[in-house]
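Subject: Structure for you to look at

Hello,

Here is the structure I promised to hand over. Please open it next to this email and follow along.

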Amino acid sequence: PFILLPSLDGEEDAIRPLPWYPENLAWHSNFSRMQLRKNQTLEKFHEFLKLENEIGNITRQEAVSMVPPLFLDVCPDHFVLDMCAAPGSKTFQLLEIIHRSTKAGSLPKGMVVANDLDVQRCNLLIHQTKRMCTANLIVTNHEAQHFPGCRLNRNCSSSSEGGMGFQQSITQLIFDRVLCDVPCSGDGTLRKAPDIWRKWNPGMGNGIHCLQVQIAMRGISLLKVGGRIVYSTCSMNPVENEAVVAEILRKCGGSLELVDVSSELPQLVRRPGIKKWKVRDKGTWFVSYKDVPKYRRSVIVPSMFPSGRCYVESTENNQDVELGEKHENGGDGNPEEGIQQSEDPVALADELDEEVSNFPLERCMRIMPHDQNSGAFFIAVFHKLSPLPAMQEKPNSLQLDDKPCVNLSNQIVEDTNGLEVVSADGADEKLSGAASETDLIDNETDGAAVEPDTCNTCEEHNSEEAEAPGHRETDPKKAGGKIKLQTQGKWKGVDPVVFFKDEAIVTSIMTFYGIDDSFPLKGHLVTRNNDTNHVKRIYYISKSVKDVLELNFSVGQQLKITSIGLKMFERQTSREGNSAPCSFRISSEGLPVLLPYITKQILYASPVDFKHLLQYKTIKFADFVDAEFGHKASNLMPGCCVIVLSRGSNASMDQTQVDESIAIGCWKGRASLSVMVTATDCQELQERLLTRMGPENGSLVQDEKPSNGEADGVLEMTDGKE
């Protein structure tokens with residue numbers, strides 16, 4: 001709904017579309033946070049923003065952070081990986097893109113895997129993305145640089161924990177698009193968070209440089225040939241930006257191309273990347289790695305400099321000489337000469353005064369705060385041309401102070417079954433996905449205390465009655481006794497993901513709601529509990545998510561899944577006992593997907609009766625304005641039913657005249673209907689009703705309340721929403 005904004009002194013174009021965002025889908029408000037909270041004139045607008053954001057119709061986000069997903073060029077059939085996804089705004093944006101061209105009741109062929117290292121940030125990510133009501137999302141909890149590739153070996157058999165013999169649709173987890181919005185020093189956010197300036201120092205960017213390279217390289221190894229990856233930071237430090245991009249190109253050789261996207265989003269004001277910079281450490285500027293004192297070379301590494309040249313100490317004259325290294329795209333170094341010295345010492349000195357990168361770093365984008373009234377951001381777009389080459393470290397003889405020349409903990413080689421690494425002593429070793437996490441878990445004894453960051457559960461992720469999303473109480477004193485933590489494969493303290501195989505329950509659900517056989521329900525349902533007798537919630541997953549889940553079972557559950565799919569059904573009871581033929585109701589999140597396929601337990605209400613249900617929550621059959629609707633409601637089977645808003649003035653419209661985008665779940669008791677939606681959803685639906693039906697039919701003025709008396713069969717809601 002549109003809200004007419006009042007004009008404030010000095011405010012022009014108080015709210016306007018962002019000119020560079022496609023289809024006018026992003027709008028910018030000039031009102032400060034303080035104005036929105038304190039100015040009574042803006043109270044209604046502020047309430048509108050909060051309500052629509054909570055429902056999921058809009059997402060409040062900094063404008064510049066919307067840019068990276070736009071350059072991914074995502075299509076509905078793409079598999080997308082968001083490596084460092086929390087708090088989830090970009091993930092939500094990616095989900096919107098893959099769902100954009102999807103018809104009502106159908107699901108896209110693609111999916112999004114959203115990952116984050118921190119458990120609490122994963123919970124925030126889940127809270128953000130559940131507003132999308134999508135079955136095409138998996139949320140995982142891994143170190144991004146160790147994200148598992150789930151490569152299926154030929155001799156690998158199906159996991160018994162999965163409970164099915166799988167006919168594999170995919171044999172390894174690779175992606176069409178990868179978003180690599182890496183952790184950074186955050187100096188580009190100073191406008192909105194000025195306190196960062198008190199804590200900021202150049203060492204923050206230097207300290208995270210190697211991790212950024214590792215995360216980006218892992219993302220590239222998980223990317224399909226022909227795919228696109230976007231690397232981004234909210235920093236302006238070239239050590240975190242252009243230096244990382246140059247090192248990526250250096251490692252990947254000709255298999256990766258830095259894409260020129262200057263013609264895309266032409267109205268977005270951006271500046272080209274830089275090709276020369278200095279590195280600051282401990283109050284000193286360095287123009288070359290050669291200038292770095294030996295005792296600091298474990299911290300300041302060659303890849304931080306434009307040329308990426310590595311120098312070692314010559315045993316003949318105790319001077320630093322350059323190691324020859326083959327660099328693609330006109331890079332420096334000569335592999336045939338090994339150690340290279342310039343014939344002209346003066347030319348070498350002049351060159352070292354200011355190193356310049358040979359890579360086309362001007363194709364990167366720098367978004368400056370003062371150019372378009374935004375935050376600062378750095379973005380680089382890559383296209384994968386061919387598989388990555390095998391990369392080896394320099395021989396041990398070419399070391400300085402007994403340390404490898406390039407100070408990266410491991411050299412990453414493309415392998416989607418984990419990370420193939422070469423250790424400093426030259427010995428090969430193989431790390432499975434999230435190796436550091438796995439080692440900690442495998443080394444735990446049965447009686448050992450579980451660390452807080454490994455105590456993660458998802459059974460309550462979508463429940464408001466949970467103390468915190470994904471949190472399981474592990475203190476026996478507080479929990480009232482000893483609790484046995486569930487496991488998900490090798491991940492302790494995480495609820496399992498199990499395919500729901502109770503055919504009797506699935507058949508009863510399909511029969512009760514008359515779900516059309518064309519809807520792929522069987523084989524697409526999962527739960528977070530191994531005991532089917534105590535299952536409270538059943539989740540629905542798309543075909544793409546199902547394929548990934550089956551692959552994960554087949555490779556020994558390498559993925560640590562914190563959330564998956566769309567909550568579709570919830571176990572339901574009432575005060576009069578579980579008298580309903582079906583013990584599961586349709587959840588509000590799953591209703592939009594299932595609605596076109598429901599043929600039973602569904603009624604079409606006139607606007608006035610629909611409005612009364614939203615206002616009064618419980619109405620007796622005899623009190624409905626449309627007597628025919630009340631009669632039909634009384635003839636429904638006890639239990640959950642669906643009420644759809646009809647465009648006509650009565651409930652006798654056929655299905656082609658029904659606005660199926662407005663529907664609610666209700667509970668049919670002995671003598672009344674009770675609404676099963678949250679107060680927030682009711683408020684938002686009433687606003688939509690007012691907008692669509694007009695003041696005459698959708699007026700929200702409180703008219704005479706029907707005499708609903710005491711509702712019979714009042715529900716005991718399992719999720720604490722109502």
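Cys 150 is buried, because its relative accessible area is 1% and the cut-off for buried is under 20%. Please keep in mind that this is a predicted model. Cys 150 is found in the loop between strand E5 (137-140) and strand E6. Its phi is near 55°, a positive value in a residue other than glycine.

Asn 373 also has a positive phi without being a glycine, at about 50°. Look for Asn 373 in the loop between helix H10 (369-372) and strand E16 (377-384). Is Asn 373 buried or partly exposed? With a relative accessible area of 42%, Asn 373 is partly exposed.

Now the whole chain.

The protein has 722 residues, and 54% of them are buried. Its secondary structure consists of 18 helices and 33 strands. Take the contacts between residues at least 6 apart in sequence: 73% of these join residues at least 24 apart. The protein exposes about 32,200 Å². Carbon and sulfur atoms supply 48% of that area.

How far does the predictor trust the model? The mean pLDDT is 77. Of the residues, 70% reach 70 or more. Over residues 325-352 the pLDDT is below 50, and this stretch has 43 contacts in the model beyond near neighbours in sequence. Residues 708-722 also have pLDDT below 50. Counted beyond near neighbours in sequence, that stretch has 52 contacts in the model. Where pLDDT is low, the predicted coordinates should not be read in detail.

Next, the second largest pocket.

Rolling a probe the size of a water molecule over the atoms shows where empty space is left. The second largest pocket holds about 840 Å³ of space. Which residues are closest to its centre? They are Ala 86, Pro 87, Lys 90, Arg 121 and Asp 181, out of 37 residues in the lining. By class, the lining has 16 nonpolar, eleven polar and ten charged residues.

Stay with Ala 86 and Pro 87 for a moment. A cis peptide bond joins Ala 86 and Pro 87, with omega about 10°. Pro 87 sits in the loop between strand E3 (79-82) and H4.

Then go on to H4 itself. Ten of its eleven residues are buried, so H4 is largely enclosed by the rest of the structure. The buried residues of H4 are Ser 89, Lys 90, Thr 91, Phe 92, Gln 93, Leu 94, Leu 95, Ile 97, Ile 98 and His 99.

Helix H16 is another case to check.

How many of the ten residues of H16 (residues 607-616) are buried? Nine are, so H16 is largely enclosed by the rest of the structure. Its buried residues are Pro 607, Asp 609, Phe 610, Lys 611, His 612, Leu 613, Leu 614, Gln 615 and Tyr 616. Just after H16 comes Lys 617, with a positive phi of about 70°.

Start with Val 230, in strand E7 (residues 223-233). Val 230 is buried, with a relative accessible area of 0%. What does Val 230 touch, leaving out residues up to four places away in sequence? Its contacts are Pro 68, Phe 71, Leu 72, Val 178, Leu 179, Cys 180, Ile 379, Ala 380 and Val 381. Along the chain, Val 230 and Leu 70 are 160 residues apart. Their C-alpha atoms are separated by 9.7 Å.

Finish with Asn 237, in the loop between E7 and helix H8 (242-252). At 13% relative accessibility, Asn 237 counts as buried, because the cut-off is under 20%. Not counting residues up to four places away in sequence, Asn 237 touches Asp 187, Pro 202, Gly 205 and Arg 366. Asn 237 and Met 204 are 33 residues apart in sequence. In space they are 9.9 Å apart, C-alpha to C-alpha.

Best wishes

Key. Residues numbered from 1 in each chain as written. Predicted model: local features only at pLDDT ≥ 70, side-chain atom pairs only at ≥ 80, totals over all residues. Heavy atoms only, no water. 1 Å grid on protein atoms, 1.4 Å probe; cavity = no way out; pocket = protein on both sides within 12 Å on 5 of 7 lines; lining within 4 Å. Points joined across faces, edges and corners; volume = space filled by probe spheres on them. Nonpolar A, V, L, I, M, F, W, Y, C, P; charged D, E, K, R; others polar. pLDDT = per-residue confidence, 0-100. Contact = heavy atoms within 4.5 Å. Helix = DSSP H or I, 4+ residues; strand = E, 2+ residues; numbered from the N terminus. Buried < 20%, exposed > 50% of the residue type's maximum accessible area, 1.4 Å probe, protein only. Areas by Shrake-Rupley, 256 points an atom, 1.4 Å probe, with all protein chains shown as cover.
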